[in-house]
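Subject: Model handover and notes on aromatic contacts

Hello,

Here is the model we talked about. Please open it alongside these notes.

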Amino acid sequence: MTLAAGAQNRDYPIQPVTFNHVHVHDQFWAPRIATNADVTIPYVLQKCRETGRVDNFLKAAGKKAPENLTEYPFDDSDIFKVIEGASYALQVKPNPALDRSIDSLITIIGEAQEPDGYLYTFRTMKPAKLHPWISPKRWEKDPDLSHELYNSGHLYEAAVAHYLSTGKKTLLNIATKNADLIVKDFLVGKAPYFPGHQVIETGLSRLYRVTGKKEYLDLAKYFLDIRGNGKVRGSEYSQSHKPVVDQHEAVGHAVRAAYMYTGMADVAALTGDESYISAINAIWTDVVTKKMYLTGGIGATGAGEAFGAAYQFPNMSDYAETCASIANVYWNNRMFLLHGDARYIDVMERVLYNGMLSGVAQNGTRFFYPNPLASMGQHQRSAWFGCACCISNVTRFMPSVPGYVYAQDKNNLYVNLFMTNEADVELPATKVKVSQETSYPWQGQVKVKVDPSKKASFAVRVRIPGWARQEAVPGDLYRFADTKEEKIVIKLNGKAIDYKLDKGYAVLDRTWSKGDVIEMELPMQVEKVLANENVKDDKGRYALQRGPILYCLEGPDHTDNAVQNIIVPQQAVLKENFEPNFLNGVMVLNGEGSATSRQVNSDELLKKRLPVKAIPYYAWNNRGAGEMVVWIPEEEGGAKPKPAPTIASRSKVSASINNQRMLASLNDQFEPANSEDKSALYLHWWPKKDTDEWIQYTFDKEETVSESKIYWYDDSPFGGCRIPASWRVLYKKGDEWVPVQNETPYETAKDKYNVIKFAPVKTTAIRIEIKLPKNHATGVHEWIVK
Ligand SMILES: [Zn+2]
């Protein structure tokens, strides 16, 4: 990294070997990084044009009328993020066309900037009506939702990337002009607002590193210290409920939080302020031992896109935003750079290969925002989102992956991740060419060649992954069922050597010569992972992991495309099998389990043996929407058996909305825990309100029915659905709908079946008419008829 003259000399004790010094050409990451550069970046640029994000800048520049602006004031940041990604990509592989299109975007951005440096298209274009998130006064609503400082943060990250990759200062000049204004307004003018969505803290630290301008670092620190000072109303949602150094638990919006912890690490490294470090150390322990999914995903709940309570891990409604996974990588990498401990890389690797990678489809043009660990088919990657944060974040993240492979600290060379590559590292003792050959993550053999330009003494620290030492994660949130530990043999030039294990690294401290070769074989066995018993959602279940890769069962590989009904005993033996032409080449796990189904008039489940096949979790949902499960039940209690054939299940379902997945939820015989249970599908009419709606079962033959049981969906107080204003049951008589003669009263209650018995009718169809409440919609979990 080029440092400006006079730049600081205090920084992280450990420095990454930056991605431009690491040439990755393996079978796993290199194709993904290439897809990102060749497909995703041009695709996202095109989408930014189509959706009006580029026009926002033209409007602010006065070159277009300020009409029909896009949806969110943070839409500017998508342009910055894709420029950041494109800049990294340009460094890896020259692309003159992309270079030119970035240059022309930067010109437009410059024209949208106000003379004093302010850059925020939603205000500058002077729309007829200001977006409701924006105050007439600059910065005033940033603590809430205006995202003025958020956009600036992404601008700085992009500007530094663009400058370091291309040597051009065009975007950097725009960034420093903007940062100088913010220095003036906040550091000098003492504007009392904290950034509502963090990211400017890391952006300013980067800007400080390349310019050496101390005010940028002071401003980053100002933005941390102003949080929770009691002068502007704060909240847990934006981690402004108390001073950052007094925060010891992860709360609120997960992306904001993890960006802030990353920013605290940066400022601590650059200033030496230990109080930030003790806060993020405590928060890290809280996350890793109580609030992180097995995928490495963070943020359990969609309400506020936030961290849940300790051990709260709903699998189907899991949020685990792709942005939060990316932020979790940033944060854990910074924790490693501070502490030199491999456990941070263990967490980072888990996110990288699982919860982050699942965010993007193998074709590079479909994306997940939440990354659930179970599905009935309601989840599908999208081509775009109105809020496109995760998509543009993927474009900037992917090319940075090679930058996480090595790091250095004086004469210590860290080997953190395993992928075939060649890298140049400059240690105080000597320059070293270091390279790896491996088929990781599918095979455990890793060969590291160490080629110093002259004989020299230094330490190579090779990470022994936690999973290879039978540790699923640091702490006791997840553990392997079988913890037979094998000593990992390391060979030097063909001979096994003794080594010392320090903070998760095998330390090889010696005099190195040209052509020295380290060989290691990590034990890639199939592990069954168990969750801490406080995690009620994973009780009686286990997950499959092999090496760093987490597995799942997916519909297309199983009978009737169903997996929610499958149980696999924990003792089952699963055999690995590499399938080179399946899902771009994956190791699959094959075994045997049972499919369970219900029967009528008996609580006993029917069980039928069937072959099961587990695929890497990151690769799911590349064959269309369908069922998926990560946590596999080992006994009957945990599975969702296939429904028994009943009148309802044999019926054709229709309703006043036509959404096949919602219709299927009415008779799927999934028993909700309560009205607001989001763990499976339900039917709802949101955002309608105060309308008349209906649901209907059409039987395959004439049936006699005399009872209806309906379970309402109601997500009050935060959601939009409530129990209905009223409802009634009708049956088909000839061509007419006739109300049944009820023998029990109609009730409208939450959290239970509303049962009505009526005089038996012979009919071919039955219907419920539902009157939605005045101000809300209604939803239905399940409807049973007898
Ligand atoms: Zn996002």
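Does Phe74 count as buried or exposed, going by its relative accessibility? Phe74 has 9% relative accessibility, so it counts as buried. The cut-off for buried is under 20%. Keep in mind that this is a predicted model.

Aromatic pairs

There are 41 aromatic pairs in the structure. One of them joins Phe74 and Trp133. The geometry is tilted, with 6.2 Å centre to centre and 35 degrees between the planes. This pair links distant parts of the chain, 59 residues apart. Phe74 sits in the loop between helix H2 (53-60) and helix H3 (75-92). Trp133 sits in the loop between helix H5 (121-124) and helix H6 (148-166). Trp133 counts as partly exposed because its relative accessibility is 22%.

Another pair is Trp284 with Tyr344. Here the arrangement is edge-to-face. The centres are 4.6 Å apart and the planes make 65 degrees. Again, distant parts of the chain are linked: Trp284 belongs to helix H11 (residues 274-290) and Tyr344 to helix H13 (residues 342-356). The two residues are 60 apart in the chain. Trp284 and Tyr344 are both buried.

Ring pairs also build a cluster. Its members are Phe28, Trp29, Tyr353, Phe418, Tyr440, Trp442, Trp467, Phe578 and Tyr618.

Charges over rings

Two residues to look up here are Lys709 and Arg767. Lys709 lies over the face of Tyr753, 5.1 Å from the ring centre. Arg767 lies over the face of Trp694, at 3.9 Å from the ring centre.

Strand E8 covers residues 445-452. What does its covered face consist of? Val446, Val448, Val450 and Pro452 make up that face. Gln445, Lys447, Lys449 and Asp451 form the uncovered one.

E8 pairs with strand E7 (residues 431-438) through seven bridges, and the two run antiparallel. They form a hairpin with six residues between them. Within this pairing, Glu437 has Lys447 of E8 as its bridge partner.

E8 is also joined to strand E15 (residues 516-521). That makes six bridges, again antiparallel. Lys449 stands opposite Val517 in E15. Both Lys447 and Lys449 belong to the uncovered face of E8.

Best wishes

Note on methods
Residues numbered from 1 in each chain as written. Predicted model: local features only at pLDDT ≥ 70, side-chain atom pairs only at ≥ 80, totals over all residues. Heavy atoms only, no water. Phe/Tyr/Trp six-rings, centres within 6.5 Å; stacked < 30°, edge-to-face > 60°. Helix = DSSP H or I, 4+ residues; strand = E, 2+ residues; numbered from the N terminus. Buried < 20%, exposed > 50% of the residue type's maximum accessible area, 1.4 Å probe, protein only. Lys NZ or Arg CZ within 6 Å of the ring centre and 35° of its normal. Pairing = 2+ DSSP bridges.
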